[in-house]
Amino acid sequence: MMKVIVIENYGGSEIFVEQERDIPHITDTQVLVEMRATTVSSADQLIRTGTFRHFMPTQFPYVLGVDIAGIVVATGKKVTRVKIGDRVIAVSRTGGGYAEHVAVEECDLSVTPQSLSDAEAASVSASGMTAWQALFHYGKLQPGQRILIHAGAGGVGHIAIQLAKQHGAYVITTARAHNHPFVLQLGADEVIDYTTTDFAESLSPVDVVLDMVRDPVVDKVTGIGATEMKNYSILKDNGTLVSLVNPVIAKQPLIRRIDAQFALITPTANDWEAFIYWIQTNKLDIHVDNVFPFTRQGVAEAYEYDDTRNKRGKLVIQRDSINR
C-alpha cells in the first residue's frame, strides 16, 4: 500500500484528502517511480479549480501532480532508457504525482542530471519541458526574434526566459515590480509591471507571445479574453501566439495570419535528450521558492501559498523521510 493525496471535488485548499491505495502495476512500456518530490503546477491549479473541467473532465477522487522527481523501482519489459536505481525526472500527463509511487510511460521521463537536487528536478520536469516545447516546437522561436513571455517569474516563465535568451532572442516579460530584479537577472531584456502598465500600449510589435495568463472573463461567443486580444494587437503579421491556458485559441479564425496555438505538451526521448543537454551546458537557474511536506496539511498550505501569486519559480512538495 502507499499514501496518496487526492481531491474529492473542485475547490480550495480544503478539498485535499489523504488516502491509502495499492501501488500501481506497470505495463511493458512503463516505469514505476518512487516519488521524492513533486510540485504545485499551473496544470494542477487549472484542474483543481475546475477551470479545465470542460476541456479535461475530472473523475473524483483525483490525484494531482504532473511534476515528478524520484527513483526507479521497477521497469516494464520494453523499457530500455532507464534502470532500477536511476534518479529520474518525469512528466505525468494524467496526474498522479501526489503519491508515494507513480507509474510513468518511459517516453515521459529522463535520467536526472547529477547537478540537480530532488526539489530542482521536480521543478524543471513539466515546467522545463513545457517551456522547451512551447518555445521551439509551437513557437518556432528563432535567434534575433522578439518574444513576450507572460508571468516571467513563474515556474514555466523563469525557465522560458533563460531558454529564449540563451537561444538568441530579445526577451520581454511581465512581472510584478518586486520580481523585476529576478527576471532581469535571468536574462530578460525588458520587463513590464502588469499591475500598473498596459503592455499592449507600451510595446512595439513582437514575433512571438508565450501566454500563461488565464483571463477570468472571456467573450461568450469566441472564448477569448482581454489579455489574448492584447496579445494579438502586439504581434506582427504572421507572428505566433502560443497559449498554455486556453485551448480555444487554436480554434479561432485566422487574424492577420497569426499562428495561434494551444501548447499541449507531449515529451519525447529526443526532447528530453536536448533539454537535459541544455541544462548541463547552459546551467539553467532553477528557482525553488518554497518546500512543503508531503502531507494533507502540507499540500493544502502549498496551494494556499500559491494562491497569493507572490512566488518566484516553483513550489515543491517533498517526502522529507527520504530526502538526500
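1. Helices here are DSSP runs of H or I of at least four residues, and strands are runs of E of at least two, both numbered from the N terminus. Helix α7 is followed by K283, whose phi is positive, near 50 degrees.

2. This is a predicted model, in which local features need pLDDT of at least 70 and side-chain atom pairs count only at pLDDT 80 or more, while totals for chains, interfaces and linings use all residues. Residues are numbered from 1 along each chain as its sequence is written, and side-chain values use heavy atoms, with hydrogens and water left out.

3. Helix α7 covers residues 269-282, and its 14 residues should span 20 Å at 1.5 Å a residue, which agrees with end C-alpha atoms that are 20 Å apart; the expected span is 1.5 Å times one less than the number of residues.

4. In α7, the buried residues are D271, W272, F275, I276, W278 and I279, where buried means under 20% relative accessible area, exposed over 50% and partly exposed in between (1.4 Å probe, protein chains only). Seen down the axis of α7, these buried residues fall within an arc of 155 degrees, so they line one face of the helix, the arc being that of the directions from the helix axis to the C-beta atoms. On the other side of α7, N270, E273 and Y277 are exposed.

5. Among the elements that cover the buried residues of α7 are α2 and α3 (155-166), contact meaning heavy atoms within 4.5 Å. Helix α2 (residues 118-138) also holds D118, which is buried with a relative accessible area of 5%.
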